[in-house]
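Biologist: I'm new to this one. Could you pick a single spot where side chains meet, take a close look at it, and carry on from there?

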Amino acid sequence: MNDLKTILGRLEFPDDAGVVAQLSDQAAKVQANLAAVRRTILVMSGKGGVGKSTVTVNLALALARRGLKVGVLDADLNGPCVPYMLGLAGRSWAPEGGRVAPLEGPLGIKVASMAFFLEGDAPVRYDGPTELSSVWLGMMETTTLREFLGDVAWGDLDALLIDMPPGAAADKPPAVLRWLQAPEAVLVTTASRVADQVVARSRRYAEVLGVPVRGTVVNMADLFDGAAAPPADELARVPFCRELAASLDAGEPLSPDHAVSAAFDGVAATLYETPTAATPKGAER
Amino acid sequence: MKFVCRRCEQFMAFSDLEVPGQGSLGITFDCAGCGASVAMVTNAGETQMVKSLGVTLGGRDDAPQAFEATRAALAPEPLAPAPVAAPAPDPAAIRASVEKSAGKCPFANMVGGLEQEAASGPAEVRWSDDATARLDNIPEPVRPMAKKVIEMMARADNGGVVDDALVDRAAARFM
């Protein structure tokens with residue numbers, strides 16, 4: 001009897017259970033669905049609570065003010081808050097057919113979020129053996145992220161911003177990146193040394209994953225003034241602003257004339273007026 | 001996952017999908033060469049892993065619906081209120097949970113009370129030459145298990161002797 005290595009060496013893998021074909025179909029569906037998305041920008045940070053969603057939402061608004069078609073994917077599956085910030089709290093989805101339309105926020109920003117599947121303050125809970133969830137939960141979340149990219153009718157977008165969950169070296173960045181062509185990243189930190197050293201890991205992780213970091217937004221900068229050295233690729237220093245906090249709580253954008261809006265207009269300008277080798281052809285605007 | 005028929009040196013083909021119990025899948029593969037059939041039975045965690053891929057075993061003809069995997073997996077019922085103070089983990093409950101998740105060993109079901117019967121028989125087992133030769137016909141992956149069962153039968157009601165007739169009886173009983 002031959003050893004298994006010899007046997008497998010001369011056999012061709014048959015996909016008789018149809019699994020490989022279906023996985024290929026899933027990939028093709030995502031690829032086709034994102035074909036008209038010109039840039040994908042991950043807003044990420046290793047640290048929680050630094051304001052990733054705040055930056056995502058305000059950057060989306062700034063890009064939309066430039067006349068760009070913008071989508072926001074709230075990839076923080078367990079703590080989705082983008083809909084709330086964009087005035088879509090309490091809205092829900094009832095997908096029918098192969099694709100679902102994203103909900104529309106201010107300035108026509110297209111939004112997709114796990115919050116649209118959840119009632120009230122229900123947490124995200126997948127049906128399965130919870131005592132074994134560490135085995136399968138990551139796979140389930142990866143599938144959900146794939147469905148957000150492949151099943152939401154994003155259509156023609158200049159930019160899709162992806163609000164990543166916290167975690168410098170978690171499984172989510174690779175789970176999203178595997179589906180994206182030429183993604184870019186914007187990092188968010190505060191001027192705190194504590195945040196800074198965690199965000200440094202996120203920067204290294206982005207490098208390891210081959211994602212160009214287009215710059216860093218220092219949020220709530222005045223609260224920690226002088227604590228951490230400014231990042232070399234600083235895109236903006238956004239002060240803690242009660243009016244901004246109130247606008248997010250109300251789900252209404254700040255006035256375009258507000259200083260914080262202007263700061264994000266600056267970030268948008270940097271992203272769109274200083275294209276790099278990573279900027280996909282035709283995406284400058 | 002694939003199974004290889006060691007005797008025919010070819011992949012066994014996917015043949016059937018059953019749900020033998022809650023949280024469990026039974027996936028049957030057949031060998032086109034010798035007709036051997038094997039069913040893989042998953043535990044609840046393994047079933048969930050298959051589910052989380054968002055695929056239908058055996059293929060599908062219909063187009064996938066939007067968010068079908070996510071919507072199918074989200075728990076529908078409201079959460080039960082948590083106890084005020086969580087009790088300390090109970091080792092017996094953990095063991096029971098693991099055993100339940102791991103499913104039942106088909107070998108244990110097949111053998112039934114044979115192990116107890118064998119315990120009352122002779123400790124030594126003698127194999128005849130013919131019976132020893134027939135051992136080689138049993139597929140290698142299950143040979144140790146088959147040998148153990150045959151020896152139990154020999155100790156239980158054949159005076160500790162494994163001969164041709166006993167092997168015939170074992171084959172009739174378990175194959």
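Modeller: Start in chain B, where B:Val149, B:Ile150, B:Met153, B:Ala154 and B:Asp157 of helix H7(B) touch B:Leu166, B:Arg169, B:Ala170, B:Arg173 and B:Phe174 of helix H8(B); contact here means heavy atoms within 4.5 Å. Keep in mind that this is a predicted model: local features need pLDDT of at least 70 and side-chain atom pairs pLDDT 80 or more, while totals for chains, interfaces and linings use all residues. Residues are numbered from 1 along each chain as written, chains are lettered from A and ligands numbered from 1 in the order written, and side-chain values use heavy atoms, leaving out hydrogens and water.

H7(B) covers residues 143–157 and H8(B) residues 164–174, and they pack at about 115° with axes 10 Å apart. Those axes are lines fitted to C-alpha atoms over the stretch in contact, with angles from 0 to 180 degrees between N-to-C directions. Helices (H or I, at least four residues) and strands (E, at least two) are DSSP runs numbered from the N terminus. The crossing is right-handed, that is, the near helix is turned clockwise from the far one by less than a right angle, anticlockwise being left-handed.

Now for the rings. The whole structure has 10 aromatic pairs over all chains; Phe, Tyr and Trp (its six-membered ring) pair with centres within 6.5 Å, and planes under 30 degrees apart are stacked, over 60 edge-to-face, the rest tilted. One of them is A:Phe117 with B:Phe67, edge-to-face at 5.0 Å and 65°. That pair crosses between chains, from the loop between strand E4 (110–113) and helix H5 (133–151) of chain A to the loop between helix H1 (44–52) and helix H2 (68–73) of chain B. A:Phe117 is buried at 17% relative accessible area, and B:Phe67 is buried at 0% (buried is under 20%, exposed over 50%, partly exposed in between, using a 1.4 Å probe and protein chains only).
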